[in-house]
Amino acid sequence: MTEYVKQDYWDEVARHLPAREIGGDLVAGDDTPFYRIKRAAFLEKLLAPALADATTILEVGSGPGGNVGWLTRRGKKVTGADISPEMLAQARANVEAEFVQTDGSTLPFDDRSFDAVFAATVLQHNQPADAEALLREMARVAATSVHLFEDTSVLPVRDRPSHWLRRPSWYAQVLEANGFVLTKRERLRQTAQEAMAVLVRTASPRTRHEGARTTERHRKIEAALLPATRAIDAVVPPAVGLTRMSFSRRG
Ligand SMILES: C[S@@+](CC[C@H](N)C(=O)[O-])C[C@H]1O[C@@H](n2cnc3c(N)ncnc32)[C@H](O)[C@@H]1O
């Protein structure tokens with residue numbers, strides 16, 4: 001496996017983003033038909049209900065600022081934090097909010113500074129010791145709740161150098177040791193769609209870096225396979241995919 005150096009990797013992803021077609025609500029995922037469906041489901045079904053009661057919010061791993069912008073437009077006071085200077089530069093250019101740089105080992109905020117602290121597809125890109133340190137810090141600066149939105153699986157697997165698919169119980173164990181209890185767990189029903197997206201990505205040019213524009217052929221194949229995989233996901237319980245894990249401060 002090639003070495004995964006977080007800041008370099010995410011700076012490189014950020015440099016690819018301006019050339020994509022996804023436009024509008026900037027996000028750090030791929031610009032494919034499935035990713036758009038996943039992104040919409042994340043915002044409406046997972047993120048909005050999780051943060052309904054919070055006013056002050058910290059997003060750790062805010063990337064180019066898509067989530068911060070989306071929440072800010074809905075009246076929330078959101079701060080973004082990210083390891084990548086290139087991501088932060090794009091976020092600051094696109095969203096009027098405070099953004100800070102951090103590698104997550106220490107968050108530059110006082111204890112219990114925010115109503116809610118969340119991360120979306122961030123911890124899955126951190127090796128275990130770094131993910132644990134980041135979760136400890138998220139727990140420290142959250143007054144009331146911590147929300148994680150990570151790709152999880154029924155079996156743990158590191159399927160790419162940059163990607164650790166963990167069980168939800170791994171996250172729950174770390175946050176429970178830091179004073180929080182799991183109050184809600186929900187995985188999107190997209191297992192067949194996730195598997196299809198992996199297959200199409202694997203068959204695409206190997207030189208494409210994450211975040212880079214996909215080919216028209218790639219997007220067309222995904223679009224053609226989506227109806228069948230969505231039909232499967234409507235009836236099969238989800239085994240992998242984006243999972244909301246919400247935690248409340250104990251006592
Ligand atoms: C897949 S992107 C997700 C961006 C955003 N949360 C979204 O949903 O569009 C992961 C982001 O997390 C950041 N990141 C990864 N590990 C981090 C860490 N330990 N501390 C701070 N940021 C981190 C990366 O730089 C990148 O911007």
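Predicted model: local features only at pLDDT ≥ 70, side-chain atom pairs only at ≥ 80, totals over all residues.

Begin by selecting the ligand together with the residues around it: 20 residues surround the ligand, and the closest are Glu59, Gly61, Asp82, Asp103 and Asn126. Zoom in on Glu59, where a polar side-chain atom lies 2.9 Å from a nitrogen atom of the ligand, and then on Asp82, whose side chain places an N or O atom 2.6 Å from an oxygen atom of the ligand. For Ala120, show the backbone, as a backbone N or O atom of this residue lies 3.0 Å from a nitrogen atom of the ligand.

Next, select residues 6-16, which form helix α1, and residues 85-94, which form helix α4; their axes come within 7 Å and cross at roughly 40°, and the two helices are therefore oblique to each other. Displaying side chains shows Gln7, Trp10, Asp11, Val13, Ala14 and Arg15 of α1 meeting Pro85, Glu86, Met87 and Gln90 of α4, a contact that comprises five nonpolar, two polar and three charged residues.

Finally, move to helix α7 (residues 191-202) and helix α8 (residues 216-235), which pack at an angle of about 155° with their axes 8 Å apart, so that α7 is roughly antiparallel to α8. The crossing of these two helices, α7 and α8, is right-handed. Among the residues that make the contact are Met196, Ala197 and Val200 of α7, and Ile221, Leu225 and Leu226 of α8; by class, the contact of α7 with α8 has eight nonpolar, four polar and four charged residues.

Key. Residues numbered from 1 in each chain as written. Heavy atoms only, no water. Axes fitted to C-alpha atoms, helices over the stretch in contact; angles between N-to-C directions. Helix = DSSP H or I, 4+ residues; strand = E, 2+ residues; numbered from the N terminus. Parallel < 35°, antiparallel > 145°, perpendicular 65-115°, else oblique. Contact = heavy atoms within 4.5 Å. Nonpolar A, V, L, I, M, F, W, Y, C, P; charged D, E, K, R; others polar. Left-handed = near helix turned anticlockwise from the far one by under 90°. Near = heavy atom within 4 Å. Polar contact = N/O pair within 3.5 Å; in protein donor to acceptor, adjacent residues only side chain to side chain.
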